[in-house]
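Biologist: Could you take a close look at the inner spaces of this model, and then at the aromatic rings? I would like one connected account.

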Amino acid sequence: MPGLAITGIVALSLLAVRVSAAEAPEPSSIFNGKDLAGWVAPEPNPFWKVQDGVLIGENDAALKGHVLRTAETYQDFVIELEARWTGEIDSGIIFRKPELQLQFGVSRSLKKDMTCSFYTGGQDKYPEAGRAKGLESVMKEGAWNKVKLQAKGDSFIVWLNGQQVTEYRNAKYPAAGPVGLQIHPGLKMKVEFRNIRIARLN
């Protein structure tokens, strides 16, 4: 009967949604809020410290930079974190091999804020397709901003404070690599991170 058929279709659809939700990976913390366990820090370490549950990155006196990387490598994943900064900084999330970067702050080459845009390191450093859009309505200046990055195959999607702002495809970054947090050399800067969580995607 038509009514039973429709009911069956609806039930199957709901079941599919529940199965999909069950398969969605739950991110787990990769920063314990106490120390740099699970990360590869330099020795000595003038760049990174943990204070009140916050990971703080700053240049040293010579304005050298550093990338703090996870000990583990990741290929397809979702990472969520909160970041905060004031003034001009140049930071971001570095991932995959060859390395691709999700920019936070002002680009050294473009001299403009490219937050949540992708830096490729190639000739076209910030390809138009990888540039964030609509930040003005969601970015919280000088406050904690929640960033979510999904890297799956050749697709890279970014959400800022719950709103999708970037979607980029590029097959030139296929291999697993550590996830890194950057302090750019050559300028005095400070950036803070907290609630850093990651989930691998199958």
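Modeller: The largest cavity has a volume of about 40 Å³, in a model that is predicted, and the count of cavities of 30 Å³ or more comes to one. Its lining draws on Ala83, Arg84 and Trp85, together with Met139, Lys140, Glu141, Gly142, Ala143 and Asn145. Sorted by class, the residues that line this cavity are four nonpolar, two polar and three charged.

The largest pocket, for its part, has a volume of about 160 Å³. The residues that line the pocket are Lys112, Asp113, Met114, Thr115 and Ser117, along with Glu128, Arg131, Ala132, Lys133, Gly134, Leu135 and Glu136. In the lining of this pocket there are six charged residues, with three nonpolar and three polar ones beside them.

Turning to the rings, the structure contains nine aromatic pairs. One of them joins phenylalanine 77 to phenylalanine 95 in an edge-to-face arrangement, with 5.8 Å from centre to centre and 85 degrees between the planes. This pair links distant parts of the chain, since phenylalanine 77 belongs to strand E6 (residues 77-84) and phenylalanine 95 to strand E7 (residues 90-95), the two residues being 18 residues apart. Phenylalanine 77 and phenylalanine 95 are both buried.

Phenylalanine 95 also forms an aromatic pair with phenylalanine 118, again edge-to-face, at 6.5 Å centre to centre and with 70 degrees between the planes. Because phenylalanine 95 lies in strand E7 and phenylalanine 118 in strand E9 (residues 118-119), this second pair ties together parts that are 23 residues apart in sequence. As for burial, where the cut-off is under 20% relative accessible area, phenylalanine 95 has a relative accessibility of 1% and therefore counts as buried. Phenylalanine 118, at 0% relative accessibility, likewise counts as buried.

Terms used. Residues numbered from 1 in each chain as written. Predicted model: local features only at pLDDT ≥ 70, side-chain atom pairs only at ≥ 80, totals over all residues. Heavy atoms only, no water. 1 Å grid on protein atoms, 1.4 Å probe; cavity = no way out; pocket = protein on both sides within 12 Å on 5 of 7 lines; lining within 4 Å. Points joined across faces, edges and corners; volume = space filled by probe spheres on them. Nonpolar A, V, L, I, M, F, W, Y, C, P; charged D, E, K, R; others polar. Phe/Tyr/Trp six-rings, centres within 6.5 Å; stacked < 30°, edge-to-face > 60°. Helix = DSSP H or I, 4+ residues; strand = E, 2+ residues; numbered from the N terminus. Buried < 20%, exposed > 50% of the residue type's maximum accessible area, 1.4 Å probe, protein only.
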